[in-house]
Amino acid sequence: MGLFKKNPFGHILFLKLWLIRIMGVLSHRRYRGFNELQIDGSEIIKDLPPQGVLFVSNHQTYFADVVSMFHVFNASLSGRNDSIKNVGYLWKPKLNIYYVAAKETMESGLLPKIMAYAGAITVERTWRAKGEEINRSVNPDDTKNIGIALDEGWVITFPQGTTKPFKPIRKGTAHIIKQYKPIVVPIVIDGFRRSFDKKGLRIKKRNILQSMEIKPPLEIDYENDSVEKIVEQLEYAIEQHSSFLKVIPAEALQDMEDLNKQRRWEY
């Protein structure tokens, strides 16, 4: 690797390498120590092609979710199935992993700006800005940048665009799938909103069992499947379709709502 070699977004890979190493070491005990991350299905990761993969997941915190995926992906690529034991896998991390994040969030402070250098593709929300509901057109540059990232590597996205559970999936993700035809790998996570604050930076509670299930790639007919069909397929795949509400105890739903209300006042 050349000392000043850059990726398509102008990030110096040598700096990104050390940023991932340092942030990875600092965050490791959040998933294996203070709390425990139970992983299922990570053997899928090492069989994926080096480019053109889109990971879609439900969302529980701003940053802890995607950081855990960096750990799991790199651990799997180094031969650790369903385990992030021993951070040696961070010595040679995959540098072309990107994640889609709201531009407003990634510009909200020094730490988010540093984390953005690790691989954020920042996009402008079309439905919300500065805590207010809005309605604006999709920035074509945002979609183009996601396409560039897919051509160069892997992309993680949270198609609901919010950390609140069972919110609708944004159609933009389905449009991206139809346009760029990536391999789509669903991920279902749990436990993160109980162990971290909303931003995913502060440990709120210890000894929480976090979980991550990596599912086989979806079968999608890119030419003939409608946007609506792909959206529904994503909802089922990441277990955020409304039908899943029927199997969640009323007490758990009330806990979710109480937690959302609490966060509304805390942040």
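Predicted model: local features only at pLDDT ≥ 70, side-chain atom pairs only at ≥ 80, totals over all residues.
**Exercise 1.** Is D225 buried or exposed?

*Solution.* Start with the cut-offs: buried means under 20% relative accessible area, exposed over 50%, and partly exposed in between (1.4 Å probe, protein chains only). D225 has a relative accessible area of 7%, so D225 is buried.

Residues are numbered from 1 along each chain as its sequence is written, and side-chain values use heavy atoms, with hydrogens and water left out.

**Exercise 2.** Find the salt-bridge partner of D225, and say how accessible that partner is.

*Solution.* Take the rule to begin with: a salt bridge is a side-chain nitrogen of Lys or Arg within 4 Å of a carboxyl oxygen of Asp or Glu. The side chain of D225 meets that of K229 at 3.4 Å, N to O. K229 has a relative accessible area of 45%, so K229 is partly exposed.

**Exercise 3.** Describe two salt bridges that link distant parts of the chain.

*Solution.* Begin with E228 and K171, whose side chains meet at 3.7 Å, N to O. E228 sits in helix α8 (residues 227-237) and K171 in helix α6 (residues 171-180), 57 residues apart. Helices here are DSSP runs of H or I with at least four residues, strands are runs of E with at least two, and both are numbered from the N terminus. E228 is partly exposed at 48% relative accessibility, and K171 is partly exposed at 45%.

Next, K181 and E223 meet at 3.4 Å, N to O. K181 lies in the loop between α6 and β8 (183-190), E223 in the loop between β9 and α8, 42 residues apart. K181 is partly exposed at 38%, whereas E223, at 58%, is exposed. By the rule above, the count comes to seven salt bridges.

**Exercise 4.** Which residues have the most contacts inside the largest nonpolar core?

*Solution.* A nonpolar core is a set of buried Ala, Val, Leu, Ile, Met, Phe, Trp, Tyr and Cys residues joined through side-chain atoms within 4.5 Å. The largest has 43 residues, and F55, F73, Y99 and I156 have the most contacts inside it. Helix α2 (residues 64-77) gives the largest share of this core, eight residues.

Now zoom in on F73, taking contact as heavy atoms within 4.5 Å. Leaving aside neighbours within four places in sequence, F73 is in contact with I45, F55, I97, W154, I156 and I187.
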